[in-house]
Amino acid sequence: MQCPGCQQEMTPPGVYDDRYWCGCGRVAVEGETPEDIEIRERGRQQTLDLLDYAIALRGSGRATLLKEEPEMGQLIQTRGCGKCGGTMYKTVDTDENGNPTNEGPYVCQGCGNCE
Ligand SMILES: [Zn+2]
Ligand SMILES: [Zn+2]
């Protein structure tokens, strides 16, 4: 299977995994189209960007800034990964009342698993 991002041959699934891997971070399952892979990759990148943002805020001691954005925003939700036991993250877009309007998939920071 070829990575649609860098045109490299992806690492095939191992015994305990059913996903193809690429060095650029993309993952794919057998039979997926490049579009499927790109859609997942976009969700993963969005989650990573948000995490970077949250970590940067925390690192600079300005974590309260997150609370000072009461209008349309995004939340990060976490849960355990069923595959590797790591932490999975997903982003939730919210409206000005804090109600969820759009949710991304959970993405595992440990193994790249998406659900
Ligand atoms: Zn790649
Ligand atoms: Zn995992």
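I began with the pairing of β3 and β4: the two strands run antiparallel and are joined by eight bridges. The model I am reading is a predicted one.

G73 has T94 in β4 as its bridge partner.

Next I examined the connection. β3 and β4 make a hairpin, with six residues lying between the two strands. In the turn, G85 shows a positive phi of about 80°.

I turned to G86, which I located in the loop that links β3 (73–80) to β4 (87–94). Is G86 buried, exposed or partly exposed? I counted 14 other C-beta atoms within 10 Å of G86.

Which residues does G86 contact once its neighbours within four places in sequence are set aside? I noted C81, C108, Q109, G110 and C111. For one of these, G110, I also looked up the separation: G86 and G110 stand 24 residues apart in sequence, and their C-alpha atoms are 5.4 Å apart in space.

Finally, I recorded the setting of the hairpin. The protein contains two helices and six strands. Read from the N terminus, the order of the elements is β-β-α-α-β-β-β-β. Of its 115 residues, 21% count as buried. Where contacts join residues at least 6 apart in sequence, I noted that 31% of them link residues at least 24 apart.

Key
Residues are numbered from 1 along each chain as its sequence is written. Chains are lettered from A and ligands numbered from 1 in the order in which they are written. This is a predicted model: local features need pLDDT of at least 70, side-chain atom pairs count only at pLDDT 80 or more; totals for chains, interfaces and linings use all residues. Helices (H or I, at least four residues) and strands (E, at least two) are DSSP runs, numbered from the N terminus. A residue is buried if 20 or more other C-beta atoms lie within 10 Å of its own, exposed if 12 or fewer, and partly exposed in between; C-beta atoms are placed from the backbone. Two residues are in contact if their C-beta atoms, placed from the backbone, lie within 7 Å. Two strands pair if DSSP finds at least two bridges between them.
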